[in-house]
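Subject: Structure handover

Hi,

Here is the structure I promised to pass on. Have a look at it first, then read my notes below.

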Amino acid sequence: MNELTLAEEILLTAIWRLKENAYGVTIRKKVAEVTRKNVIYGTLYNSLDQLVRKGYVTKTRGKPVAERGGRSKMFYTLTSSGIKALQNARELQRRIWDGIPEFSENKS
Amino acid sequence: MKTDKQIPPHFAKWLLFRMSRYEDEFLCIGDLDEEYKEILQQAGHHKARSWYWVQVLRSIPAYLRISILWGFVMFKNYLKTAFRHIKRHKGYSFINIAGLAIGMTCCILILLYIQYELSYDKFHKDAHDIYRVAFEIPDRLDMNASSFGLLAPALIKDFSEVQSAARIRRLESTVFYKNHAFTEKNFFLCDPEFFDVFTFPVISGDPKKALSEPFSVLITQETAEKYFGDEDPMGKTLHADNKYDYKVAGILENPPQNSHFKFDLLASFITMERIWEDYSLSWMNTNRILTYVKLRKNYNPDDLERKFPEFLRKYGREDVVFHLQPLTDIHLHGNIRNDLEANSDIRYIYIFSVIAFLIILIACFNYMNLSTSRSAHRSREVGVRKVVGAERKHIIRQFMSESIIFALAALFISAFLVRLSLPAFNLLVDRHLAFHFLSDSEIFLGLFILAVIVGFISGSYPALFLSSFHPVHILRGIRGHKGSSAFRNFLVVFQFAVSIVLIIGTLTIYKQLHYIKNKNLGFHKEQIVVVDLKDENLKNVYESMRNDLKQNPRILGASFCCDLPNEIDARNSYRWEGQTEENRWQLFNTAAVDNEFIDLLGLELEEGRNFSEEFPTDKQAFILTETAVITIGWESPIGKRFGYWEEGTVIGVIKDFHHLSLHSAIGPTVFLHVDKETDLNLNYLLIKVNPGDIPGTLAFIKKKFNEYSPHYPFSFTFLDDRVDKMYRTDNRLGQILNVFSFTAIFIACLGLFGLAAFTAERRTKEIGIRKVIGASVSNIFFFLSREFINLMIIAFLLACPIAYFSMNRWLQGFAYRTHIGVAVFILAALSAFMTVLITISYQSIKAATANPVDSLRYE
């Protein structure tokens, strides 16, 4: 299995954290919170679509909500291969950083 | 207001809708709405709105990236299916592409022509600030291209907005150098300011200096080669009219073909004073001098025109009205008297544009018709695509790209065809068009856009039609598209209506040309040789030259004259006894002729007698036409006093004849004797010859000519050719229309052929059953053709009034004209029906003679 890109990793972790409440607004907020950048919906959906195509997540449609102009929410959940990929990523992260001490703040 | 702030910006939302491709993505719009409301409550609507806008706008790049990627993937697939389709249905594809290619070829040729016509005189620097001063005298003199000799200097002196002004005057001369002699029609005199106004590149010499000295001349490269060959022309002397010596002081590039002013030699304007001793520039006479001005950059010519009345009062010509004619308008809008060359007419541009548009439309309709008629072959493909998940817009996109591929293929074929046909087309329109398809990026881009537009139009209806199929119906084999056949019929009717209009137009033009050819002009034009005379000395010896010529029994008569009978246009006003004030400025066409002119041309005397050598006083006598007598209002004209100052008498009246082309009405015409004034030049020698051995007679004439007028080149024409030449533009229009109507009907027939094949194929079973029941071959043939014949009749009925109306307008341009007549319509109808019948008969007969066993075997 291929390694996840950083963007994919961020998205998948965001969905994982949000559990049942992972839909557009919450995912965007979470990603923005993590990356500290203004995330644009256009790019977000393209990336999410790609994750769906790769089989890491599935999407299910919720009930129509009045506050959303009568539109339903699209919920995203991780598939088993998504979870597996995240586990691999975490393992990879651990191996990359293993044994490296914290950088001291006042080095420069 | 409050609700306004509650919802996100409309335009941004609309953009977002446009970008959403799938149903899922529409749901995502809800996400934006939800967050918008949240921000609205927390940070106010300004912040919310700007957040929304940023979200939408910054989504665009991602959207574009994705859609281009998928567009490309799908386009590859469309391309593949399109090529498969072309391969599988070669005949049908051939008809389709050929129709488009021929239509485009016509269109490109016409566009090239229009582009060329519109480019006239635009090559000058600041061409839009250059004007010609034309004048008219209301109620007395029509608009005239020439103006007064003193105008140009006065304009420069009196108006600061006039940057420069130059005079030009044609000076026809016979020019000699060593053993070369040519009659130069494009020999001009012009002011040194000429080169301030116009931009004509100089190769050598100082043109301004050259044009300020008398008898110095600038020549074009072509002229230099003609006279001097390899010699260096600078400083050489050209001898003109056996009297004057011009020094070559500079060489110019040949003027571009798209200039209304074409010259071969330019001499200085002050030379004029030396040539005509008694010549003085004035505010009375124009002497055929043309005045061009260059105004300050972007100066509004109306402002100057408004100042003209006061200006003219100063110089004592309040009766005159000046007009500033933009230089770039002269070629297409300037059909006025005394112009340098016969200009074209903007109406031809309009006519040709309409024809180009109609022909391309016929070609597009062809494509539409064939594509929709063959929908059965494509419907399964559409059904499968739809089932697999294509939406309607994808199908539309597919058929659009297919038609654009067809159009592009047709474009490349037509580029080739244009190359092939351009020489012939150039002859037809008498222009020097060039076509650089690949090297001229502007043309390439223009034609590429044309092809895309053509593809778009052609593909529009088939795409909409095919994409409307319901997959369930298609795949279950249900067909029922009533609407489409009505639309197809409309297309066929349109195509043939246009073709029939063009046919009627062509036939009418040819009928009028035939009428012109056979119209009795009032004089004989056959077997008359016109010899150009340039030698002024001939005036003293012309009687003996005539006697010499008449020694030859084949020469039946010879007449010396200043004007040809078909070109009598010089306008003069006269005084006569009993003249009323309102007749004071009546203009008469005037011709100076000798004793034999009337007899030689077979003009009929109504009253009185011809000029005769028995009456020496005839030098002061006049012969009038009937119309002239009626205009004056005399009961008995013979013996009445008449002349510039009533100095002569009227000795005869002749019947009216067509002294101009049939475009103009017969006007009052006056003949005076060539000996009347010493400065009247003999311009032409008319010789009536016997039909036998014309070359021998011509050789004899040439020999005599050389005896009497040595040095001068001998050139001749036939009078009937000169008369025919007056209708050159009409002739040309006829030929062009002929070509285009053939093309139109050919393209339409291509489509019809395909359509007939389709109809026959669709009805194979029906025909089989009919035959089994007992229908004969002719029954079936009639039955299959009936539908098309009905369409033809509708097309014909539609075409008739349009053609009648427009051709009548064309005929109004002739003072003497034929009627369109029923015969033209019948002939047009017959030729259209015959072509249609021939086109469809192949398919109809094939279907009608087919064995019903074959078609019904599988039922």
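To start you off: where in chain B is the place of B:Asp126? B:Asp126 sits in the loop between helix H4 (90–118) and strand E1 (130–137) of chain B. Helices here are DSSP runs of H or I with at least four residues, strands are runs of E with at least two, and both are numbered from the N terminus.

Before the rest, some housekeeping. This is a predicted model, where local features need pLDDT of at least 70, side-chain atom pairs count only at pLDDT 80 or more, and totals for chains, interfaces and linings use all residues. Residues are numbered from 1 along each chain as its sequence is written, while chains are lettered from A and ligands numbered from 1 in the order in which they are written.

B:Asp126 has a phi near 55 degrees, a positive value in a residue other than glycine. That deserves a look because most residues other than glycine have a negative phi. B:Asp126 is partly exposed, because 15 other C-beta atoms lie within 10 Å. (The cut-offs: buried takes 20 or more other C-beta atoms within 10 Å of the residue's own, exposed takes 12 or fewer, and partly exposed is in between; C-beta atoms are placed from the backbone.)

B:Asp693 is not a glycine either, and its phi is positive at about 45 degrees. You'll find B:Asp693 in the loop between strand E24 (684–689) and helix H21 (694–708) of chain B. With 12 other C-beta atoms within 10 Å, B:Asp693 counts as exposed.

Now chain A. Chain A has four helices and two strands, in the pattern α-α-α-β-β-α along the sequence. Its C-alpha trace spans about 55 × 35 × 20 Å along the principal axes. The radius of gyration of chain A is 16 Å, whereas a compact globule of 108 residues would come out near 13 Å. That radius is taken over C-alpha atoms, and the globule rule is 2.2 Å times the number of residues to the power 0.38. Of the 108 residues in chain A, 29% count as buried.

H1 (residues 6–18) and H3 (residues 41–54) of chain A pack at an angle of about 85 degrees, with their axes 11 Å apart. Axes are lines fitted to C-alpha atoms, for helices over the stretch in contact, and angles run from 0 to 180 degrees between N-to-C directions. H1(A) and H3(A) are therefore roughly perpendicular (65 to 115 degrees; under 35 is roughly parallel, over 145 roughly antiparallel and the rest oblique). A:Ala7, A:Glu8 and A:Leu11 of H1(A) make the contact with A:Ser47, A:Leu48 and A:Leu51 of H3(A). Two residues are in contact if their C-beta atoms, placed from the backbone, lie within 7 Å.

Chain B comes to 27 helices and 25 strands. Its C-alpha atoms fill a box of roughly 105 × 85 × 60 Å along the principal axes.

The domain assignment (automatic or from a database) gives chain B domain 1 (2–73), domain 2 (149–316), domain 3 (346–517 + 728–856) and domain 4 (528–721). Five residues of domain 3 of chain B and four of domain 4 of chain B form the contact between them. On the domain 3 side, four are nonpolar, one is polar and none is charged. Ala, Val, Leu, Ile, Met, Phe, Trp, Tyr, Cys and Pro count as nonpolar, Asp, Glu, Lys and Arg as charged, and the others, Gly among them, as polar.

Finally, the two chains: 18 residues of chain B are in contact with 17 residues of chain A. On the chain B side, seven are nonpolar, three polar and eight charged.

Cheers
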